[in-house]
Amino acid sequence: MKRLTEINALRELQKLKKEYQNFIKNNYEQRAENCETCPTKGACCLDAHFVNVHITKLEAVAVRKTLDKLSSEKQKKIYRRAEETVEKYDLKTTGDSFAQTFACPLFEKNIGCLVHSEGKPAPCISHACYENATDLPPENLQTTIETTIERLNKRTYGDDLTWLPLPVWLDLINPFNC
Ligand code: SF4
Ligand code: SF4
């Protein structure tokens with residue numbers, strides 16, 4: 001397997017996510033509820049009984065790059081929120097981590113998802129509220145993109161591949177912890 005530098009892997013990841021986002025937008029989103037006019041905006045991201053978004057190291061680095069564009073004060077607040085989320089929901093790196101749920105620390109009141117335009121996790125790109133279950137993007141689309149993301153991670157970091165709850169990864173890559 002040909003190795004990739006992190007910078008090239010991030011470039012490929014960004015291209016992949018952009019294509020996926022456009023594909024979902026053009027083929028499915030028009031049948032979904034409009035998030036802009038949603039009376040419970042953000043309920044999907046803050047529902048601690050529902051959200052179990054997992055990401056890989058490469059995606060965590062992509063999220064960090066997006067957050068790097070914010071003021072350091074703001075960044076510290078977000079990383080602190082991630083740390084508090086890990087503690088509050090007792091998120092672990094072992095066992096069935098997909099069974100663990102939490103309110104996402106990347107949701108900001110009055111703004112929305114802080115990584116919406118860059119670094120958004122694949123399940124969040126796929127997710128929307130649909131009246132008819134038949135209008136939902138099929139699960140195999142997400143499986144396919146996640147398999148590609150896994151391959152990019154392997155080519156970048158070798159076998160050190162771990163899908164972990166998003167707040168756990170944010171805590172692990174927190175630049176203010178160094
Ligand atoms: S995904 Fe659903 S709950 Fe979340 S903002 Fe959009 S319409 Fe509202
Ligand atoms: S990453 Fe963004 S879209 Fe996904 S759960 Fe968090 S705030 Fe919501």
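Trp169 is in contact with Ile55, Ala60 and Leu164, leaving aside its neighbours within four places in sequence. This structure is a predicted model. Trp169 and Leu170 have the most contacts inside the largest nonpolar core.

**The nonpolar core**
- The largest nonpolar core has 34 residues.
- Six helices each supply at least two residues of this core: α1 (6-27), α3 (57-67), α4 (72-88), α5 (122-126), α6 (139-157) and α7 (166-172).
- The largest share comes from α3, with six residues.

**Helix α1**
- α1 has 22 residues.
- From its first C-alpha to its last, α1 reaches 31 Å, close to the 32 Å expected at 1.5 Å a residue.
- Ala9, Leu13, Lys17, Tyr20 and Ile24 are buried in α1.
- Seen down the helix axis, the buried residues of α1 fall within an arc of 65 degrees, so they line one face.
- An α-helix has 3.6 residues a turn, so residues three or four places apart point the same way.
- The other side of α1 holds exposed residues: Ile7, Arg11, Lys15, Glu19, Asn22 and Asn26.
- The cover over the buried residues of α1 includes α3, α5 and α6.

**The shell around ligand 1**
- Ligand 1 is surrounded by Glu33, Cys35, Cys38, Thr40, Lys41, Gly42, Ala43, Cys44, Ala128 and Cys129.
- Sorted by class, this shell has six nonpolar, two polar and two charged residues.

**The shell around ligand 2**
- Around ligand 2 are Cys45, Val51, Val53, Cys104, Leu106, Phe107, Cys113, Val115, Lys120, Pro121 and Cys124.
- Sorted by class, this shell has 10 nonpolar residues, no polar residues and one charged residue.

**Two loop residues with positive phi**
- Most residues other than glycine have a negative phi.
- Asp90 has a positive phi, near 50 degrees, and is not a glycine.
- Asp90 lies in the loop between α4 and β2 (107-108).
- Asp90 is exposed, because 8 other C-beta atoms lie within 10 Å and a residue with 12 or fewer counts as exposed.
- Asn110 is not a glycine either, yet its phi is positive, at about 70 degrees.
- Asn110 lies in the loop between β2 and β3 (112-113).
- Asn110 has 6 C-beta neighbours inside 10 Å, so it counts as exposed.

Terms used
Residues numbered from 1 in each chain as written. Chains lettered and ligands numbered in written order. Predicted model: local features only at pLDDT ≥ 70, side-chain atom pairs only at ≥ 80, totals over all residues. Near = placed C-beta within 6 Å. Nonpolar A, V, L, I, M, F, W, Y, C, P; charged D, E, K, R; others polar. Core = buried A, V, L, I, M, F, W, Y, C linked by C-beta atoms within 7 Å. Buried ≥ 20, exposed ≤ 12 C-beta atoms within 10 Å, placed from the backbone. Helix = DSSP H or I, 4+ residues; strand = E, 2+ residues; numbered from the N terminus. Contact = placed C-beta atoms within 7 Å. Expected span 1.5 Å × (residues − 1). Arc of directions from axis to C-beta.
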